[in-house]
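Please read the report below alongside the sequence and the 3D view. It goes through a few parts of one model in turn.

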Amino acid sequence: MGKKIVILAVDDSLTMRQLVKMTLSRAGYDVVEAEDGAKGLDKASVQPFDIVLSDVNMPVMGGMDLVRNLRKLAAYKFTPIVLITTESQLEKKLEGKAAGATGWITKPFEPEQLLAVVTKVLR
Amino acid sequence: MDFGDLEQLQASFRREAADLLADLNDALLMLEHDPRDAELVNRVFRSMHTLKGSGASAGYRRLTNFVHHVEEVFNRIRNQKMEATGEVIDAALKSCDCCTILLQLQSSDMETPVPLEAEVLAALLPFLPEAAAAGAGTAQERAESDAPARYKIEFQPARDIFFSGTDPASLLLELTDIGALRVRCETSDLMSCEDFNPEQCYLRWELHLETAEPERAIREIFQFVEQDCDLSINRETHVPAVQSDGREERFRGAVEQCFFALGFALELCQSGDERQGLTSADRAVQTLLSACKAQGHQAGITAVHPILDAIRSIREGAILDSGWHTHMQALIRSASEAIHSTQVDLSSLEELPALPVIVARPGNAPEAANGTPAQSIRVDADKLNALMRLAGELLVARGALPAFADRIERNESPKSMAKEMRDAGAKVSRLADDLQATVMSIRMMPVRQVFQRFPRLVRDLGRALDKNMELHVSGEETELDKTVIESIGDPLTHIIRNAADHGIESKAERTRIGKPPAGRIDLSAYTRGSNVVIEVKDDGKGLDAEKLKQRAIEKGLFSPGAVAAMDQEAAYKIILAAGFSTLDTVTDLSGRGVGMDVVRNSVEGLRGAIHIQSEIGKGTCFRIELPASLLVSRGILVALGGQQVLLPMESIRKMVKLPKADIRTVQGQQIAHMRGAIFPILYLAEALCSERIEDLKEDIAVVLIEATAGPYGLVVDRFVGEVEVVVTPLSGVLATMPEYVGAAIMGDGKTVLVVNTERLFALQRPQLATPGLAALPVAI
């Protein structure tokens with residue numbers, strides 16, 4: 001497999017962060033957590049991540065802004081960024097896509113759905 | 001996820017859910033006033049949505065299903081398909097209560113009857129879209145998925161597709177997961193070498209996919225890029241005659257899928273969700289069986305049956321051995337071998353992604369060794385930052401000290417250093433004080449956390465009692481110690497219920513006497529000195545002291561003499577006595593006359609005091625005074641024989657030295673005469689089982705204690721001084737002694753016991769439950 005894959009999980013909900021972390025670390029990924037977009041951006045700018053998973057509605061900096069800011073960084077030009085949305089409507093997805101997100105996963109999701117999406121964008 | 005992880009996740013979810021439910025409650029109450037406020041509807045919907053989402057993730061299936069229905073109704077309101085009627089809001093509020101109940105159940109508990117659950121669902125049923133529609137949809141899908149079909153897919157990604165982190169090739173790989181794929185790549189758009197930009201995508205593809213999956217599954221693969229590409233998916237109407245090798249390939253694909261699904265299902269079982277896992281496993285094996293049957297694969301059929309039987313036995317509870325996973329995996333392995341062994345061409349099969357291996361670890365649930373849940377506290381980031389800053393400053397200040405030692409060693413004039421050292425000492429001491437204050441403040445929480453449940457309570461009471469009532473809340477930011485916050489909810493609930501039930505008059509009565517039709521309850525909190533005061537004030541009929549007294553005598557709670565000596569407030573406090581209720585008919589709301597004495601006990605337990613003011617026809621005010629912080633208290637250190645004990649400052653009214661002559665014995669009870677008032681006297685030495693003081697000095701040191709039941713004088717040997725201490729609860733044998741509330745660690749490291757001044761008198765003179773000089777002749 002080579003180098004271990006490191007994932008940044010950004011969510012203001014502790015439950016969601018824990019779920020993401022548990023699911024992904026079980027599957028052999030390394031997970032770093034951040035509580036909002038701003039903190040996520042800080043962490044991303046000092047350490048490279050293979051995937052960024054981010055909630056949309058968060059205090060300080062939301063997921064959309066996080067995607068826009070990450071895409072401005074050279075290291076994150078092509079990195080898969082998946083938004084975790086609660087809104088299943090098309091507009092949010094389109095907005096996310098326009099911002100530069102790779103994909104999304106809609107809450108609630110089962111651990112295996114999350115794994116499926118991560119596997120999908122990593123391929 | 002192993003069990004420990006799940007526990008931890010669920011604990012976090014329960015905390016989060018409590019917050020969400022509180023917010024939901026607030027939003028619903030506001031929505032009731034303004035049912036057309038779209039923002040509020042959204043907020044309600046969002047809270048429910050998050051609750052459902054996180055709940056599902058944490059394995060609270062029953063809660064999730066339940067919330068889903070309520071959420072569905074609000075989704076319809078949000079989409080303006082219906083209105084937020086009183087009926088719906090009422091049901092939604094009840095659903096919050098129901099969620100609280102469901103949260104207390106085991107997450108896997110689907111059976112325990114919760115009447116409220118059925119009630120809410122029944123109330124919402126008329127508003128839910130027909131469930132039949134959903135069922136029909138899945139049936140149709142299933143029919144569609146059975147027949148294999150061929151699709152022509154034209155896929156041209158946007159030039160800048162790489163910038164969204166997508167690799168188009170990965171999508172093609174994904175298509176091979178669901179069927180047989182033929183790929184043709186169109187390279188005509190490729191640039192010449194000098195114009196070629198490697199960050200752009202110039203390729204497009206024509207794909208032919210043969211799959212048993214519905215078109216939806218194909219769209220799902222492209223779901224993230226649908227907006228970034230030209231995509232057309234067409235079902236090819238003419239399915240070419242099935243060739244034998246195509247058939248074989250489809251069978252092989254289906255088999256792989258089934259094993260893959262089976263793997264996931266087992267994983268789900270191991271992660272704790274056995275029910276769901278077994279359902280999925282059963283489905284996968286059924287599909288596998290029918291695939292084998294359709295293919296006429298006899299060895300496969302024979303090998304698959306045992307798996308099916310095993311799943312059935314586990315579901316029926318016939319296999320209790322928790323090690324069945326190993327057994328199951330062996331069965332699956334042999335089935336897989338049986339099916340694959342007759343397959344010739346397996347080499348071309350793309351390697352399946354390895355299933356994540358689940359390793360069982362001993363649980364690490366955040367529980368203390370004694371089984372009580374670990375306590376956690378949410379800390380304001382500002383406070384934490386202040387703490388870090390102070391710790392930093394303290395380190396810097398400490399750094400100055402070794403320098404002084406060096407200078408002394410170099411024989412610098414100690415005198416010139418004295419001032420500097422004092423300054424340094426002062427600095428460290430200021431920092432230490434700040435540090436302590438900040439640490440203490442972390443335990444402080446706004447009373448909002450308790451107050452937020454009361455608007456709902458008053459609303460529900462209003463409906464149940466058919467009274468109009470308004471609750472006005474103020475001072476929600478006032479901070480109290482975490483322990484106090486957690487214990488003050490119930491007493492306040494009792495007081496508010498009492499106010500609503502017995503205080504506020506009926507609508508008709510209020511109109512008759514010219515009061516505004518809506519009764520008003522004021523709930524406020526404010527800081528006074530080191531105490532926090534919480535007031536519950538109603539504008540109802542007030543307490544009738546005479547009636548209360550009469551009632552107390554009838555019930556045999558107090559002697560007529562005791563009652564006669566009571567002042568107004570003492571009479572009002574009769575309602576706090578155990579076994580007292582002014583109404584003959586016990587109402588469901590205010591409880592069975594047990595409520596109000598619970599109030600007194602809880603408040604006293606927190607070292608607080610209750611005062612009652614009332615005016616007939618105007619209303620009643622309960623004032624609860626509580627120490628803002630339980631941990632650091634001020635107190636008076638007093639000497640007693642050879643030892644010292646601490647009296648909590650908040651209970652002390654004054655300290656005096658009385659001439660021996662002012663203490664007299666009347667009917668066996670010692671009393672003191674102090675500035676025109678009379679108080680019963682208790683000897684602290686006697687009360688704490690030390691020794692009886694025989695020869696008193698000329699001047700006697702008396703501490704006048706303000707107990708909730710009434711004031712009394714406490715005779716001590718001498719006053720030592722005022723101290724600020726950290727009080728810790730007692731443990732072991734000492735914890736069973738009601739005379740003490742805790743122990744304090746003094747500056748010199750010695751421990752002194754803190755006297756429970758609130759209960760001391762009652763413990764010593766049980767026959768005089770109220771010390772207010774009850775049974776004593778008034779004229780002395």
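Predicted model: local features only at pLDDT ≥ 70, side-chain atom pairs only at ≥ 80, totals over all residues.

Residues are numbered from 1 along each chain as its sequence is written, and chains are lettered from A and ligands numbered from 1 in the order in which they are written.

Helices (H or I, at least four residues) and strands (E, at least two) are DSSP runs, numbered from the N terminus.

In chain A, the axes of helix α2 (residues 37-46) and helix α3 (residues 63-72) come within 9 Å and cross at roughly 25°. Axes are lines fitted to C-alpha atoms, for helices over the stretch in contact, and angles run from 0 to 180 degrees between N-to-C directions. The crossing angle makes α2(A) roughly parallel to α3(A), a term for angles under 35 degrees. On the α2(A) side the contact (C-beta atoms, placed from the backbone, within 7 Å) is made by A:G37, A:G40, A:L41 and A:A44. From α3(A) come A:G63, A:D65, A:L66, A:N69 and A:L70.

Between the chains, 32 residues of chain A are in contact with 31 residues of chain B. On the side of chain A that touches chain B, the elements that give two or more residues are α1 (14-26), α4 (90-99) and α5 (111-122). Of these, α1(A) gives the most, with 7 residues.

In chain B, 6 strands form an open sheet with mixed pairing, in the order β14-β18-β19-β17-β16-β15. Strands pair if DSSP finds at least two bridges between them. β14 (652-659) and β15 (663-666) of chain B stand at the edges with a single partner strand each, so one side of each is left without a neighbour in the sheet. From one strand to the next the twist averages 40°. β14(B) pairs with β18(B) (residues 699-707) in the antiparallel sense over 7 bridges. B:L704 in β18(B) is the bridge partner of B:K654.

Technical notes: Contact = placed C-beta atoms within 7 Å. Parallel < 35°, antiparallel > 145°, perpendicular 65-115°, else oblique.
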